[in-house]
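The sequence and the structure come first.

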Amino acid sequence: MASLKTILAALQNELDTAFSGSLELRDGNRLRTDRISLSLELDFIKSSDSDGNLRIEFRAPSPDPGRKKNPASAGDAARRHTLTFEFRSDTGSAATAPEIPRPKTKKSKTEAPLVGAAYDQLVTGLSRVFGPPGFDSSARATVFREILEELSKEHQEAVRAALRSGTFESDERLVHSALHRLRGLFQSGPATSPKVGAELFSAIAGQYSMPSLLQLIQEAWKEQSSWMG
């Protein structure tokens with residue numbers, strides 16, 4: 001009878017040899033071994049060593065001597081052990097795999113650097129919307145930033161498009177809420193009119209991305225606490 005250790009070592013050797021090469025399907029995909037299940041019927045053998053300590057071994061039973069005469073008998077060793085293989089299909093190599101089309105990325109529009117004269121010009125223009133940087137106008141600028149920063153990029157652009165068109169309405173709940181708040185903000189600013197405030201903002205800020213605008217507003221108008229004392 002073979003020991004369990006001998007059986008597993010022999011099985012490992014056989015598996016390494018059997019799966020050393022790749023198994024390919026007709027479509028070029030490869031089969032990869034996912035799981036191997038082994039079921040063994042073993043004899044439990046107890047013995048003692050020279051010191052009287054108990055020893056336990058597991059060994060595969062020898063084939064039934066009568067199996068050739070009666071292969072369908074319950075003692076047939078060929079029916080005691082099973083080996084099950086499960087495979088999964090992997091995609092083929094890069095050379096044979098079909099190329100997956102990738103969506104073309106939209107190039108972001110070039111922005112003028114917000115430094116020097118460009119920076120001063122933008123601050124001057126936005127001052128017509130919020131008021132010149134200072135204690136009173138910083139509250140208005142802070143609210144403006146908070147309204148836009150709460151939105152996703154897509155919703156920010158939807159707000160910008162609505163202001164450009166001169167409407168403060170939207171079917172999107174978040175966009176509609178933001179436009180309603182901006183309407184009141186423009187009304188309280190130097191423009192004293194939601195429509196004029198929207199026109200001024202669109203004309204001044206149209207060429208800049210929203211993140212750049214919000215950063216400039218934060219730098220120039222700061223928080224009210226920064227203007228105190």
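## Fold and packing

Along the sequence, the protein chain runs in the order α-β-β-β-β-β-α-α-α-α-α-α. In total the protein chain has 7 helices and 5 strands; helices (H or I, at least four residues) and strands (E, at least two) are DSSP runs, numbered from the N terminus. The model is predicted, with pLDDT of at least 70 needed for local features and pLDDT 80 or more for side-chain atom pairs, while totals for chains, interfaces and linings use all residues. Residues are numbered from 1 along each chain as its sequence is written, and side-chain values use heavy atoms, with hydrogens and water left out.

Of the 229 residues in the protein chain, 29% count as buried. Buried means under 20% relative accessible area, exposed means over 50%, and partly exposed lies in between (1.4 Å probe, protein chains only). Among contacts (heavy atoms within 4.5 Å) with a separation of 6 or more in the protein chain, 64% are between residues 24 or more positions apart.

### Helix pairs

Two packed helices are described by the angle between their axes and the distance between the axes. Here the axes are lines fitted to C-alpha atoms, for helices over the stretch in contact, and angles run from 0 to 180 degrees between N-to-C directions. Angles under 35 degrees count as roughly parallel, over 145 as roughly antiparallel, 65 to 115 as roughly perpendicular and the rest as oblique.

Helix 5 (residues 173-188) and helix 6 (residues 194-205) have axes that come within 8 Å and cross at roughly 95°. Helix 5 is therefore roughly perpendicular to helix 6. Helix 5 contributes Arg 183, Phe 186 and Gln 187 to the contact, and helix 6 contributes Pro 194, Gly 197, Ala 198 and Phe 201. By class, this contact of helix 5 with helix 6 has 4 nonpolar, 2 polar and 1 charged residues. In this classification Ala, Val, Leu, Ile, Met, Phe, Trp, Tyr, Cys and Pro are nonpolar, Asp, Glu, Lys and Arg are charged, and the others, Gly among them, are polar.

Helix 2 also packs with helix 6, at an angle of about 170° and with the axes 9 Å apart. The two are therefore roughly antiparallel to each other. On the helix 2 side are Leu 122, Gly 125, Leu 126, Arg 128 and Val 129, which meet Gly 197, Leu 200, Phe 201 and Ile 204 of helix 6. The contact of helix 2 with helix 6 has 6 nonpolar, 2 polar and 1 charged residues by class.

### Nonpolar core

In soluble globular proteins, nonpolar side chains tend to be buried together. A nonpolar core is a set of buried Ala, Val, Leu, Ile, Met, Phe, Trp, Tyr and Cys residues joined through side-chain atoms within 4.5 Å. The largest such core has 35 residues, of which Phe 144 and Phe 186 touch the most other members. At least two residues of this core come from each of helix 2 (116-130), helix 3 (135-149), helix 4 (153-165), helix 5, helix 6 and helix 7 (210-221). Helix 7 gives the largest share, 7 residues.

With residues up to four places away in sequence not counted, the residues touched by Phe 186 include Val 129, Phe 144, Leu 163 and Phe 168.

Ile 217 is in helix 7 and is buried, with a relative accessible area of 0%. Leaving aside neighbours within four places in sequence, Ile 217 is in contact with Leu 126, Phe 130, Ala 141, Phe 144, Arg 145 and Lys 222. Ser 138 is 79 residues from Ile 217 in sequence and 9.0 Å from it in space, C-alpha to C-alpha.

### Salt bridges

A salt bridge is a side-chain nitrogen of Lys or Arg within 4 Å of a carboxyl oxygen of Asp or Glu. By this rule there are 4 salt bridges, including those in the table.

| Salt bridge | Closest N to O distance |
|---|---|
| Arg 145 and Glu 149 | 3.6 Å |

Arg 181 is partly exposed at 34% relative accessibility, and Glu 150 is exposed at 56%.

Arg 145, Glu 149 and Glu 223 are linked in a network of salt bridges. Arg 145 and Glu 149 are 4 residues apart in helix 3, so about one helical turn separates them. Arg 145 is buried at 5% relative accessibility, Glu 149 is partly exposed at 44%, and Glu 223 is partly exposed at 35%.
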